[in-house]
Amino acid sequence: MAGAYFDLRDATEQDAAFIELMALAAANWLSERQLSLDQLRSEPDLHHYVAGWPRSGDTGVIATDRTKSPIGAVWIRQFSPDDRGYGYVDADVPELSIGVLDQWRGQGVGRALMRAQVDQARSRGLQMISLSVERANPAVRLYLSEGWRVVESGRDSDTMICEMAS
């Protein structure tokens, strides 16, 4: 898919089902792990990333192919101290989630989505966003190359932050 073409647009309420599918794609990055949509929905620690999309403060970006079909999504959501995401840093720091359809991975879609979401967060006046990533996930290289840094390490995963330059 060299020279793959895609567009970016802001996520809307109509993208809720696709964002849920991208949360599933993100959870299933490892081929041995294949959660179903029902399993994602029944797992509170995963489903709270997408439940009720969009809530107040949620923003996101959708990547689409030439036919305007969605191929990837990135979104941020704030969590509270009593309902933390895996990459929770603080109640004032929203957490980023990202997913790209398998056939579009490695084509620059994830990088373009992430940059667009960071720009969107910066324009909203956010100082920082966070994420959680399993250390074995190849996406770690993308995050590091985009200036994210590890602030906390768990057994198999890291919490990373991106600080917004003024």
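Analyst: The structure, a predicted model, holds 13 salt bridges. One of them joins Glu134 and Arg33, with the closest N and O atoms 2.8 Å apart. This pair links distant parts of the chain, the two residues being 101 residues apart. Glu134 belongs to strand S5 (residues 128-134), while Arg33 lies in the loop between helix H1 (16-27) and helix H2 (37-42). Glu134 is partly exposed at a relative accessible area of 26%, and Arg33 is also partly exposed, at 24%.

Other pairs sit within a helix. In helix H4 (residues 109-123), Asp119 and Arg122 are 3 residues apart, about one turn of the helix. Their side chains meet in a salt bridge with an N to O distance of 2.9 Å. Asp119 has 45% relative accessibility and counts as partly exposed; Arg122, at 35%, is partly exposed as well.

Helix H2 holds both Asp38 and Arg41, again 3 residues apart, or about one turn of the helix. The closest N and O atoms of this salt bridge are 4.0 Å apart, and the cut-off for a salt bridge is within 4 Å. Asp38 is exposed because its relative accessible area of 58% is over 50%. Arg41, with 42% relative accessibility, counts as partly exposed. Asp38 and Arg41 also belong to a network of salt bridges that includes Glu20.

Terms used. Residues numbered from 1 in each chain as written. Predicted model: local features only at pLDDT ≥ 70, side-chain atom pairs only at ≥ 80, totals over all residues. Heavy atoms only, no water. Helix = DSSP H or I, 4+ residues; strand = E, 2+ residues; numbered from the N terminus. Buried < 20%, exposed > 50% of the residue type's maximum accessible area, 1.4 Å probe, protein only.
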